[in-house]
Amino acid sequence: MTISLNTEILQIGNPILREIATEVTEIDNPKIQTLIDELILTTKEAHGVGIAAPQIGKSYRIIIVASHPNFRYPDAPFMSPIAMINPRIVSHSEEIVIATEGCLSVKEKRGCVPRYRDIVVEYITRDGYCQRQEYSNFVARIIQHELDHLNGILFVDYLQDKLTIIDS
Ligand code: ZN
């Protein structure tokens with residue numbers, strides 16, 4: 001697999017976005033490492049704060065978390081992109097925060113989505129180490145959003161009745 005600029009980001013309606021993504025077993029496989037590079041690059045090119053592998057058509061349990069301040073979230077913390085492999089939430093706060101979200105796979109729509117304020121996430125790094133880390137607020141929201149992608153869930157699925165989809 002070669003790294004291509006302008007990787008296509010799948011849009012809602014594509015069935016790959018609705019699959020349950022596969023656990024990664026061979027982290028040091030060059031195909032997986034190249035996929036991680038491509039995901040980081042695609043996030044950067046799209047000015048996104050995160051992405052999940054299924055969004056570029058690769059149904060593996062890999063997400064990128066790349067919070068940075070932007071015009072929608074001026075107070076977002078800056079972080080170097082982190083690749084989380086086989087991530088899972090092992091505990092979370094009782095508190096839930098409702099805030100607007102968008103998605104690179106649902107262009108021109110945003111909506112209010114409830115998320116846990118704080119989460120503890122366990123994942124494997126691209127170097128093969130197991131990590132356990134607590135995240136809060138905006139970064140916790142990114143992780144919950146991206147993790148949903150690994151289970152075929154899009155943020156619009158939360159917007160059925162009590163919540164509203166708004167044009168961006
Ligand atoms: Zn998304």
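Reply: **A helix and its surroundings**

Asn-137 has a relative accessible area of 49% and is therefore partly exposed; this class lies between buried, under 20% relative accessible area, and exposed, over 50%, as found with a 1.4 Å probe on protein chains only. The model is predicted, so local features need a pLDDT of at least 70 and side-chain atom pairs count only at pLDDT 80 or more, whereas totals for chains, interfaces and linings use all residues. Residues are numbered from 1 along each chain as its sequence is written, and side-chain values use heavy atoms, with hydrogens and water left out.

Asn-137 belongs to helix α2, which covers residues 137-150. Helices (H or I, at least four residues) and strands (E, at least two) are DSSP runs, numbered from the N terminus. The phi angle of Asn-137 is positive, about 50°, although this residue is not a glycine. After α2 comes Gly-152, and its phi is positive too, near 75°.

As 13 of its 14 residues are buried, α2 is largely enclosed by the rest of the structure.

His-145 and His-149 are four residues apart in the helix, about one turn, and both are buried. Together with Cys-103, they coordinate the zinc ion: the atoms involved are SG of Cys-103 and NE2 of each histidine, at 2.1 to 2.2 Å. Donors are N, O and S atoms within 2.8 Å of the metal (3.2 Å for Na, K and Ca); water is not among the atoms, so a site may look incomplete. Along the chain, the donors of the zinc ion have the spacing C-x41-H-x3-H.

On a 1 Å grid over the protein atoms alone, a cavity is a set of points where a 1.4 Å probe fits but cannot get out, while a pocket is an open set with protein on both sides within 12 Å along at least five of seven lines; lining residues have an atom within 4 Å of a point. The volume of the largest pocket is about 600 Å³, where grid points are joined across faces, edges and corners and a volume is the space filled by probe spheres set on the points. There are 28 residues in the lining of this largest pocket, and those nearest its centre are Arg-72, Gly-102, Cys-103, Leu-104 and Arg-110. Two or more lining residues come from each of β4 (96-103), β5 (106-116) and α2. With six residues, α2 gives the most to this lining.

Which residues touch Arg-115? Contact means heavy atoms within 4.5 Å. Leaving out residues up to four places away in sequence, those touching Arg-115 include Arg-141, Gln-144, His-145 and Asp-148, as well as Glu-101 and Phe-155. Arg-115 itself is in strand β5, and its relative accessibility of 5% means that it counts as buried. Its side chain also makes a polar contact with the side chain of Glu-101, at 2.9 Å. A polar contact is a pair of N or O atoms within 3.5 Å; within protein, one must be able to donate a hydrogen and the other to accept it, and residues adjacent in sequence count only if both atoms are side-chain atoms.

At 24% relative accessibility, Ala-99 counts as partly exposed. Ala-99 touches Gly-111, Cys-112, Val-113 and Arg-141, again without counting residues up to four places away in sequence. The C-alpha atoms of Ala-99 and Pro-114 lie 6.7 Å apart, although 15 residues separate the two in sequence.

Helix α1 may be set beside this picture. It has 16 residues, 30-45, and reaches 22 Å from its first C-alpha to its last, close to the 22 Å expected. The buried residues of α1 pack against β1 (50-52), β2 (62-65) and β3 (82-92). At its N-terminal end α1 is capped by Asn-29, with a side-chain oxygen 2.8 Å from the backbone nitrogen of Lys-31. His-47 follows α1, with a positive phi near 55°, and it is exposed, its relative accessible area being 66%.

Notes
Expected span 1.5 Å × (residues − 1).
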